[in-house]
Amino acid sequence: MHGLFWRIFGAFWLANVAIIIALAWITSSNFESEKIPGLEITRLQAAMDDQLHKLGRDAKRGGAERLDLSLRVAASMGPVMYYAIDAQGHDRLGRSYPPEVAAALASLRADSPATHDRMRSMRTNLRDDGSELLLVAITQGSLFKKMLYKRPSGFWTHIGLALIASALASALIAWYVASPLARIRTSTRRFAEGDLDARVGRLRLGRSTEMNALATEFDRMAERIKALIENNRRLVRDVSHELRSPLARLRVALELAREQKEPALGQSLDRIELESDRLEGMLSQTIELSRLETRPELHPETIRIDELVEGVIENADYEGTPLGRKIVLRGRAAVSAQGSRAALDSAIENIVRNAIAYTSGDEPIEISVEHDPGRPHTACIRIRDHGPGVASADLERIFEPFYRTDSARARSSGGTGLGLAIARRAIANMGGQIEARNADAGGLEVIIRLPITSAS
């Protein structure tokens with residue numbers, strides 16, 4: 001919510017700041033350039049004349065000290081600069097002045113006061129010695145600079161209060177808009193992560209027609225998707241359980257038929273038994289995949305990954321040795337993770353069995369358990385065979401249920417297309433990731449990354 005809140009707040013507040021600055025600029029410009037009825041001078045020129053007369057009175061009554069103080073105060077109060085210049089052309093405060101002021105001095109000395117729109121001027125005498133001074137007021141800079149340059153403190157106080165008020169209003173609007181959006185986004189994330197009961201529900205804030213409609217449509221979509229997924233899972237479970245009974249009866253019939261000593265009948269029965277075993281294996285894997293998707297591990301245990309991998313290699317050797325397949329543990333790091341030992345064991349075993357089925361030649365199947373160099377607190381399990389590899393377009397799809405890159409080869413090796421799907425789901429339930437890539441020197445490499453709880 002925080003990122004969304006600040007983006008909405010920033011957009012509203014920046015728009016308000018732009019509006020406040022524009023209004024201050026336009027209002028200030030219009031006010032200063034508005035002519036006073038009957039005098040034919042603008043309000044800014046009238047203010048300049050008033051300040052010049054005040055400086056003149058200070059010079060005549062208060063002397064040089066009072067005049068200098070008034071000049072310093074006037075110089076800090078607005079976009080107008082005031083100069084008091086003696087007969088030698090020097091400003092009382094030792095400041096330099098623009099060429100327009102020099103022209104005003106010449107006009108005053110010729111008894112022809114300057115009438116420039118940006119400048120006002122007058123003559124006065126200093127009480128201390130009676131010397132004549134030329135007082136000049138001139139506006140400086142562009143219209144935008146006039147608004148910003150040396151405004152009275154009250155002006156900036158009002159601007160500051162307006163900015164604070166706009167910030168509070170923008171924060172309220174951002175909170176009002178972001179709160180329901182954040183709630184909808186949270187529900188969407190929970191639903192995407194597998195929580196099919198995630199719903200937005202009734203909005204208490206930001207209950208506009210559009211927000212309520214969005215929340216209602218999300219809840220309706222979630223209900224529909226949940227129903228479809230549960231129906232699909234229920235169908236898989238029901239079919240699997242319904243087929244177990246005929247399979248059991250089929251095995252009984254096979255045993256009875258084997259008592260007949262006819263060779264041809266025995267070959268047929270052996271074939272039936274083989275197909276029955278394959279069907280039972282597929283059903284078992286289907287049930288396992290459904291279980292992993294519907295019932296995450298509620299009581300995770302600490303697993304020594306390196307020891308579990310060694311156990312998988314030891315068991316796989318019994319299957320690989322008759323086929324001439326050798327499995328080698330290239331690296332072993334002592335790391336532990338939290339999760340289901342049985343699920344992780346089954347996942348790694350499925351991948352190793354695939355490697356045994358598809359590797360070729362005398363090259364061994366290589367397995368390593370190590371720390372992931374690019375990700376702290378992550379273990380990396382690499383299983384590489386020396387088979388034909390997989391087409392680049394199929395590297396992601398091989399983890400989908402029942403997907404086979406080569407149907408004839410998979411069937412001949414006894415594959416069902418569920419082993420890698422079960423592995424991916426088991427790894428995901430532990431908060432890990434699994435990916436496959438073709439090794440540079442040939443063969444397929446499957447990489448498993450798991451968050452670790454301890455390492456040594």
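Reader: Which residue stands opposite Gly331, and what makes β5 and β7 count as paired strands?
Author: Gly331 stands opposite Ser368 in β7. Strands here are DSSP runs of E with at least two residues, helices are runs of H or I with at least four, and both are numbered from the N terminus. This is a predicted model, in which local features need pLDDT of at least 70 and side-chain atom pairs count only at pLDDT 80 or more, while totals for chains, interfaces and linings use all residues. Residues are numbered from 1 along each chain as its sequence is written, and side-chain values use heavy atoms, with hydrogens and water left out.

Reader: How do you know that β7 also pairs with β8?
Author: Between β7 and strand β8 (residues 378-384) there are 6 bridges, and these two strands run antiparallel. Ile367 stands opposite Ile383 in β8, and in the hairpin, which has 6 residues between the strands, His377 takes a positive phi near 60°.

Reader: What makes β5 and β9 the edge strands of the sheet?
Author: The open sheet has 5 strands in the order β5-β7-β8-β10-β9, with mixed pairing. Within that order β5 and β9 (433-438) each pair on one side only.

Reader: How do you know that α8 is close to its expected span?
Author: The expected span is 1.5 Å times one less than the number of residues. With 16 residues, α8 reaches 22 Å from its first C-alpha to its last, close to the 22 Å expected.

Reader: Why are the buried residues of α8 said to line one face?
Author: Buried means under 20% relative accessible area, exposed over 50% and partly exposed in between, with a 1.4 Å probe and protein chains only. The buried residues of α8 include Leu308, Val309, Val312, Ile313 and Ala316. Seen down the helix axis, the buried residues of α8 fall within an arc of 150°, so they line one face of the helix; the arc is that of the directions from the axis to the C-beta atoms. On the other side of α8, Glu314 and Tyr318 are exposed.

Reader: Why is the pair of Tyr83 and Tyr97 given the name it has?
Author: Rings of Phe, Tyr and Trp (its six-membered ring) pair if their centres lie within 6.5 Å, and planes under 30 degrees apart count as stacked, over 60 as edge-to-face and the rest as tilted. By this rule the count comes to 2 aromatic pairs. Tyr83 and Tyr97 lie 6.1 Å centre to centre with 70° between the planes, and their pair is edge-to-face. Tyr83 lies in strand β1 (residues 80-85) and Tyr97 in the loop between β1 and α3 (99-109), so the pair ties together parts that are 14 residues apart in sequence. Tyr83 counts as buried at 4% relative accessibility, whereas Tyr97, at 24%, is partly exposed.

Reader: What makes Phe191 and Phe218 a pair, and of which kind?
Author: Their ring centres are 6.3 Å apart and their planes stand at 75°, so this pair is edge-to-face. Phe191 is in helix α5 (residues 153-192) and Phe218 in helix α6 (residues 209-258), so parts that are 27 residues apart in sequence are tied together. Phe191 counts as buried at 12% relative accessibility, and Phe218 is buried at 8%.

Key
Two strands pair if DSSP finds at least two bridges between them.
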